[in-house]
Structure formats: C-alpha cells, structure tokens
Amino acid sequence: MKKPKIIILSGYGLNCEEETKFAFESAGGLADIVHINDLIAKPQMLSQYQILAFPGGFSYGDDTGSGKAFANKFKNHLSKELEEFLSRDTLVIGICNGFQIITNLGILPGALTYNKNGRYMDRWVDLKVTGSPRHGGVSSPWLAGIKKISLPIAHGEGRYVISEKEYRKMKKGGQIAFTYTKGEIAKFQNLEHNPNGSDHDIAGVLAYNGRVLGMMPHPERAMFSHQSPLWQINKEGLPLHGGVKKEGAGLQIFKNAVKYFK
Amino acid sequence: MISRIYVMPARSATHNVAGGLKNGAKQIDSYLIDSEFSKKELETLARALTNPILEESFIDESPKIEKFNFAIEISLLPGVTDNVAHTVKEIATDLFKLKADKPLNFYTSKIFLVSGKAEEVKEIANAMYNPLIEKATIVEVKNRKINFLNKVPEVILNKRTPVVTVPLSAPDDELIKIGGEGIMDESGTRRGPLALDLASMKAIKAYFETLKRDPTDIELESLAQTWSEHCKHTIFANSIDAEGLQVKDGLYKTYIKGATNLIRKQKGKDDFCVSVFSDNAGGIVFDENYLVTHKVETHNSPSALDPFGGAVTGIGGVNRDAIGFGLGAKPVVNTYGFCFGYPEDERKFFRDKNLTQPMLSGKRIMDGVIKGINVGGNCSGIPTLSGFIKYDDRFRGKPLVFAGTVGLIPKKVQNKFSHEKGAKNGDYVVMVGGKVGLDGIHGATFSSVKIDSTSPATAVQIGDPITQKKLSDAIVKEARDMGLYNSITDNGAGGLSSSVAEMARECGGVKVFLEKVPLKYPGLTPWEIWISESQERMTLSVPKDKWPAFQKLMESRGVESTVIGEFTDSGKVIIEWHGKKIMDMEMEFLHNGLPKHHLTTTKVEQKNPEPEMPKGMSRTKVLENLLGEKNIGGFSFISQQYDHEVQASSVLKPLSGAGRINTDAQVFRPVLSSNKAVVLSSSTYPSYGDISTYHMAACALDTAVRNIVAAGGALKHLAILDNFCWCSSNDPKRLYQLVESVKACYDYAVGYGTPFISGKDSMFNDFKGYDEKGNPVAISIPPTLLISAISVMPDLYKTVSPEFKNGGDVIYLLGETKDELGGGEYFKMLGGVGNNVPKVNLEKNLKVYLALEKCIEKELVASSLSVTSGGLGIALAKACVGGNVGCGVNLKDLAGSASTIDAKLFSESQGRILVSVSPKNTKEFEKVLVGISYTKLGKVEKGGKITIVNGKNKIVETNVKKLNTIYHKFSNSQ
C-alpha cells in the first residue's frame, strides 16, 4: 500500500510544522512542509495530497485576532482548491492556531477567543472523545479507538464560543470531537478541567462527516512518553530503561489518519 | 481623507478581552487608515478584520456605547513600532492584490470603555500607558457615542542638513561635552550621549589631524558605537591591577578565555568546544551531526524605561545571536532571568529634578517584562524553557533582564563546516528583515551609562516577533542550506555601524550606499540610518551570482532584502550618500584605535552584623515563612504563560510533579530522532556579594553545575556562560569586587573542567534621580554574576526530576552542611546579611557529582534536587510539595560541621543534593557512594505529614497541603 501524502502548511508565523511532520511520518505517512506562498503559486499541487494539516503557531502574531489574517490569505487565493480538496475523500486537521485558522475559513462551526483568565497558558488537559457513533455521531477517522486522551495546550485564544442553536445542531450531528474533563492529569496536578472557559467544555470539533478535525490541544506534543507530566512517575517501578514505553498517546491521532488511506 | 474602523466585541458575545480587564471594561480595536480606499473597499477590509461570531465593525461611525460613560484610547506615539498595523497592511495588500511596496498607512489603537468619575478615569488611564511610547486620550460618551479625532501619529521630520562636520579643534571641555552629551544639532540641542571620554575624543582628534580634516557626524557616531563599552567591553579588555598583581592582558583574556584555553588543552581529544567567544554565540558538539549553541544577553536599561518593549527586544535580539552563529543556527530554546525590585514597593522615583519624568513602579516593570518575554518567545515558536526570578530592593532603579537562546545547527552545511564563515571581497552587503527608523538610536552608548534625565527616549525599540520569525525561517530553514551567502551577522547594538563594520573585518573593507537602506518614514539623516537599532534585521554577505536566487527566495517568504553595498579589500569603511563620500575611515583605526586605559582597584572588606536568631526549638513557622518568600516560592504563573512545549522537545519541564514545583534544571530533545538531550541551568547569588564576590561567583558556578548533574547531565560535556552585571564600574572598589569574582570563575571553571563558551557584561547598572520630594536618589544594583550552564546527556530517558515520588523511598542528602548562613535567604528574612558566606569545596563536590552521575546512569535514583537558596529545609519542602507527599527526617547525624538547628535547616552550603532512592536500590546506591560524605535522612511519607527532628527534638511539623498553598501563594495571586 502506498503511503498517504500529507501537506503541512507553513509561513507567516506558523511554527509547529516540523514536529507535525515528524508525527505524521512516525505514523507512517509521507509529509511535506509547504510555504503558503508556494501553494498559492502552484495551487494545483493540493490535488496530490490526501491530508491537509494546518499546524499550530502564531500566524501574523495573532494581530487583528488569531487565525484571521492567515485565513483571509488562504480564502483570497485558494478557495476553489480547498473546495475541490474537501470534495474528495480527504482529511483535514487544524491544531491550535490551525484550528483558529480553519474556523475563520468557515469549514468548522464556532469561533475561538481569549481565554477566560485573559492569559496565555501552557499546561496539560484531559479530553473525553465524544465525536463517535456511540454518541449518535459519525465515526471520525481521526478518533478511531480513542475514548480519552491527555494532551498539552498552549494558547491565549482557545476559548471556544458557539451559539446555543448551533451547539444543539453540532451535538446532534456528533460534531463535538473532544470535551475537557477532569481526568488523570488534571487530578494529578489539581487543575481546573476546562482551562480556558470554552462553551460546553469543547476542545475540538468535527465537520464534513468527521473528516475535518479542529482541536486546541497539541497531539504532536504528546508523541513521546517523556512529554507527559506523568512520565517521571510512570517510569518508576518499571524494569530498568528498556521497560520505558517510548510512544506517547497523541501519536494515535496521526496513526488513525494514515490508516484511513491504507 | 482619514478613515477609522472600529471593531467591537459583539453584544451577543459574552467573552471578555485580552489581558483580563477588570471592572467589566470593554475593549474596542481601532484602525486609522490614511490611504485612499473606496467605501466598498473599506467594507471589504472591515469584514476581513472582523470575526462575525465574536465582533461587529463600524466604519467612520461610533459604535453604540451602552453602560459606560468614558472611553480611553491608548495609541502609539509617532515612530513607535506598530506591529498590528504592519499586519493590517499585509492583509490589505493581499486582499486588494496590491504591490508589496505600495505605501499604505495604517495606525492602530485600543479603546477601553470604562465607567467612573472623570478623576477616576484619569487614574485608570495613567495606569494603562507608558508616556515614553504611548499616549492616552480620554473622551466622554455622549448620546451613546464616542468621538475621537482621526489624527494619525505620523512621523514628520524637519528638513535637516544630512551631514555636518564636527570641528574637534575645540577646547577640552567642549570635547568632554561632545563625548558626554552628543554632537550639537543645528537646532542647538545635543543629539544624545556618545559615551566617549576625553582620552577617546583626543585620540579621534589626533587621527583626523593626520587626515587634515574634521570628522563628519557619521564618522564620530560610528566610532562611538564601535568603541562603546557595550561593544568593546573595555573594562574586561583593559589592563588592571589586582592586589599588587598586574593583569596585563585584562580580565577577559587572562581569566575567562584563559580558563577555556587551559580546559580545552587538558581535555585533548575529548574537547567538545567548537566555536568559543569569536561568534555571536558559543558552540559545542551535540552529536556526530549537530552542534548546539548558547548565548545569554541582558537588556536592562531599555527594560527600565519600557519594560515590555525592552524585554521583547531582548529576547528577539538574542534569538538573532543564534541565527547569526556560523551560517545560522535554528533557535531551539529560550531562557530568561529577572532581577526585580519588590512589586509591592510603592516608592516613586523621577529621572529629573522637576519631577516630570517618573520612573515606572516596580510592579509595572515586573508585569511589562514578564509580558515582553511572553510575546517575544511565544510568537516565535521557540520554547521558553528555563528561567528564574530574584527580588532585591536594589534592582528597583534598573532591573536586570537576562534573555538567552540555545541554537541547533548541522555540523556541516553544503559540505563545509557550518561554524566557519567569511564575507568575500566583491560580495554584496545585504540587509534583510525590517526597515530602519529612529528607534534605538544610541542604544549601545546608552546602555553603557547610567539612567538619568538625559537618557534618550529613542533608545527604546519594540520588537516585531513575526517579522523576525519570517526572517529566521527563510534563513535557517532554507537559504542557509542552499548556500546562498558567505557570512551572516546580527544587527543588534549599533545597528548597521556594528554589523557591517564587523563583517568587513572578514574580507578587509566595505563600501556602503546608505541611501539604499529602506526606511520606515522619510527624513532620516545618514548618521541615524547608520546607527539605528531598528529590530529584526540581519546583515549578510551574498555573492553576486547568488543574489537573484536569494532575492527571489526572500520575496516569496515575505521578507524584505536589499543590497546596500559591497564588501571590499580596501582596508577602509567607506560610506556614500547619493554619490557623496560621507565616511572614509581606516578599519585599523575604527576597530583598534580606542586608547587603552589602565584600571586600578581598591581592596574592600565587608563586615556585617550577625542577625538575631529565633529562640526555642520549633522552626515550623520559620520554615513556612521562608517558603513563602518571593525568592524561594514558586513562579508557575510565569512558567505556564510561556510556551515551553513547542517544537515537541520537552523532557524535564519548568514545572514538575503533582505540585508543579519550579525545576532548577530543564532537559529538552533538540533532535526528535535522537535520544540525546540538552540540559540547561543557571544560577546567581547577588546577596552573597555583600560578603564576598569571590565566593558569590564560586557558588553561582557550583550551583549551575550541580543543577545540571542533579537532573542527569554529564559533567564531562558541560559548558558555561558568564553574564556580569555590575554597577559604578569606574569605582576602584567595584573593580576590586569584579576582579575577585573573575578569579573565582577561573578557579572553579578549571577545577570542574567546564569551559566558558560565551559571555556578556553590563557594567553600569546605576540609577541617578530624585524621590517624590525632589531629593537626589542613587540606586545601584548589587554586583551580579549569572552563570548559565549547558550540557548534553546521552540518554534522555534517564532524566531525574526533583520531586519525591513514592512513600517509603529512602531520603539521602549528599554533601556536607556547614555553618554557612551568611548572605542567604534565611538571614535576609531575619533582616541581616551575616558573614559566613558559603564556600565551595571543589575536591569534595567533584566527587559527589561524579558519584551521583554514576547512580543516575545506573537508574538508582527516584528523585534528585539540588540544594540551593533556603538550604535543606526548603529543599525538603520543595521535594514534598512537588511529589505531593510528606517525609520523616532526622538531622542528628548530618554530615558536615553545622552546629545549630538553623544552620542544619537553612545553611546554603554548596555541593549538596537531596536524593530519594527506592528501598530496593539503596544497597547498590550506597555502594557507589563509598568515600563520599552523605547522610541517610529518613523516608518519604505517603500521607503528606512532614516531620523533621533533630535527635529527639521535633523541630518542624507540618503537612504538604499547607506547604503547597504557601509555595504557590504569590504565584496564585498574580
């Protein structure tokens, strides 16, 4: 089976493209980092890819509102190509700033704004997966086999805002991918379950039958076991060194995406 | 016509705004547009600036204001970097498919809606802006509308003669004035300090007499930059006497570089240094394929005046030191260190006698600096991993703001060693990045003198992290590996005058056409362009045949690049301005003409009264109070607002364990495909200098090394960096203290075999001003030495975190405890300094460190915490809080010579590490420790009860829940 090809955007202050590429390739994909201006110069190249990733970062320094300026640029030059891409059986992921960008693009419902406490925050959160058939939704390829997962967040504008009407619609359609919950790490470090005041504890959302995923937490920062705050405790009592599990929970999301095309 | 777009949170959106505004205040973004757009275009633009779910926009009409009766507009003063406006310009250019160089003028501001009486609102406004860079305008809400005048902060420069000559045939007091206050402008005002003393002015005069002409202003300004303390480090370079001993080659060459040279020789084939002292950062081996670089800078003076801008610029500047290492290293970690006055200190100080130039409060400086590092680091995608914060009243006049960057670079680029570079005769001089404005004029000379009323406001710059991120990516991720340039350096202090003239040494000369430099606004004179410190710029030497490819790449990445001259081998720096030669100076004089001084020292002996000790046996309350001191408690509010996980490299984070204690060393994985890791730490003990600067330096070095070893770093692959921040360095007593500390650096660096690879000094951290009543006030910082350490560990999975882990684990203290409370945090809390400063026993400590390294290598250690400020008592408290566990400990047989309970608990004796070991490993652990001084203290208690006894006497009885609350109290209140 051929490895699926992933295009990861870069430029104008996006900054998680390298580790996102590493995660996709560790999961068995073939990933290219492409500067948005190179894509604008050759928009037809999008048709060679199966997965489109908007990585985390600080595009345009969040000036005028996070994700806005990058989304404007994308819309301004690549609307047609995006529509074509989504019409195929493809996957899209937006992580953190990428999530902010794709909500501004209008391919996901809702919006992201300043954290409740007004401050940028880097910590770990626990997530409950709700976007699954069990909850009346579609089966998202991104979330196959995941019920709960702990990942880090790092953002100043991660508070998800959605109107009640839209929320009911999303819930019915199984479009809520993750909600913040008081799980293993929030209990361990005694932290609030919802780090930013998101409506209905929403941390990630789905669209296009689960093929498009936007999420504030960073799965690529949880691809190794040593990245978890629990690692130092977990490795205690394990047989010396060789017994340390090296893969982190976040990698599953990338593996799921790659598996979808195999 | 000037238009204005308001973007206001939608009525339906219940969210608050950035910065957590109090009192329910609301924020409106305002965009002033001073360019021709049709109504339809303005509507399109407004839509692009608005998220319809969250916001509403209004064009040339006031939004409907409900509930509030005043509006405060905070706008930037003319010429201050407006990053948001820059983004709006890019949005508009892209939206309307305009040419990138079409001039568009946008100005942004923030409007805050508030309620209150006019006087109260004025107070609120005053607390919101910094008059050096911003302006506040208050309007009353009338008929539910606000009416601000559409006045743009345009820079309008009077027409001035571009180049003037400066007659030096003047008497000495005029030369002193020129050197001290600057060249006289046409308008009759002086341009700001050149920081050239009379001897330097006379040397310049003599040089130009041989040329039979007077210097032009640009020549004199250029010399001032190149010869500044900031650039030349004259105090470390000049000969100095030290207790009758002549240090002929100066402190730097003799002791700092001297130590490194000796260590490298001793290490022989195990020498891991690759590029030391010669480049923008120091570089060491990481593995067979990569080098890691490190550099730590300070940005103290600018941070005192504009804390936010100063700190952003500080971190941006040191990022460029990584980008400017060799052919360009990728920044992989940022570090920071803050020395502040106490935030609760409400004394007011002024720079001038008439009390019109207030200094910012301690709290404003702290908040601004913290936010500056936040924006600078977070926006750049570089993890801000490692940092510390210290408080002392003496940092109230000038704070210390340290900013460091670790870089990663392949050993070879295009089959050539990446750390070697050189401009070649005939290469283009290319300026890349931002444009040039008046910002940062006289930055280098300003930071070389004290702060007072003549300190120039233009010395403040504000960084634009995104412009720099684009530049950084285009260089280190693309142009470097395509081999498009021969050399690169940072435009930092001194701007082009430094970077171009420095790079010209690589080939022997340069010719610059200064009118080609792109400007932020018209009207700058040549000398201003030449020395401006406008940010986000690098200078490169690009071979002519590579220029088209280079230019194309930069253009496609949204990065501005301009050819501004050509490197030559003429032996001269020549500058032309529209065809006229305005600078023509020999490189030899420019770089080596600075007259040498001989420095003298006067011995100081410090004797302090001993503080009164508490009575009785219980120290529970004392320990709890000490843990709550700002220099000891946690600062998670800082650590968690800095992204320390971007690049997916974190191994040992700034916060560790269930109780999220701040770690003393941090570990990260710069190459995701390798199991090797980099370990970082730093240490400074300014208060020890009140007793002895020799021991202050020794302890800082010992602690930085120990922190690394405690986390699992390798002593044999450990390098260090020095940052000397001194005060009144023309005072022979201060110079004596400097010599003492530099000697300690040599002794202990050589002793541990840890070479210095880079360093920086900032020698005049003094404030001279007035208090509220107009009485003169002078505040100097305590002499401060920061030692930063960087090490490589072979297997990141062996990293050990500091907090206790499991009930039943056995607690050990490695090393000896002595009566060394002098200068420590405990005495400080008791209101004294004392005299028994900790002294480092090199031989014993070295044995402890090597033994611990072996234990960690064998994976015998469950936790490992370096004992530092506050001593063993605080170390136990932190290890318990971190692990959310208790402990039962007996201090009776503590190794060493501590003679009192207080010394056992709080002495800051060096060389000690608090370790916990699983019972199944204790036997093997103790086997490795044969011949080492250590104490088996007790056990980790699962229940959270903390008991410390001394024989049969109970001296501390508390619990982890209580200590957790105390440890995080200050942080949680921020």
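Start at the meeting of the two chains: 51 residues of chain A are in contact with 52 residues of chain B, where contact means C-beta atoms, placed from the backbone, within 7 Å. This is a predicted model, in which local features need pLDDT of at least 70 and side-chain atom pairs count only at pLDDT 80 or more, while totals for chains, interfaces and linings use all residues. Residues are numbered from 1 along each chain as its sequence is written, and chains are lettered from A and ligands numbered from 1 in the order in which they are written.

Stop 1: Select α3 (68-87) of chain A, which gives the largest share of the side touching chain B, five residues. Other elements supplying at least two residues each include α1 (17-26), β6 (121-129) and β7 (148-155). Helices here are DSSP runs of H or I with at least four residues, strands are runs of E with at least two, and both are numbered from the N terminus. Color this side by class and you get 18 nonpolar, 21 polar and twelve charged residues. Ala, Val, Leu, Ile, Met, Phe, Trp, Tyr, Cys and Pro count as nonpolar, Asp, Glu, Lys and Arg as charged, and the others, Gly among them, as polar.

**Stop 2: a helix pair in chain A.** Axes are lines fitted to C-alpha atoms, for helices over the stretch in contact, and angles run from 0 to 180 degrees between N-to-C directions. Show side chains for the contact, among them Phe70(A) and Phe74(A) of α3(A) and Ile101(A) and Leu105(A) of α4(A).

**Stop 3: a helix pair in chain B.** Now pick α21 (residues 693-711) and α24 (residues 842-857) of chain B, whose axes come within 10 Å and cross at roughly 15°. That makes α21(B) roughly parallel to α24(B). Look for Arg706(B) on α21(B) and Tyr849(B) on α24(B), two of the residues making the contact.

**Stop 4: a spot for caution.** Select residues 14-23 of chain B, where pLDDT (the predictor's confidence in each residue, from 0 to 100) stays under 50. Across chain B, though, the mean pLDDT is 92.

Terms used
Parallel < 35°, antiparallel > 145°, perpendicular 65-115°, else oblique.
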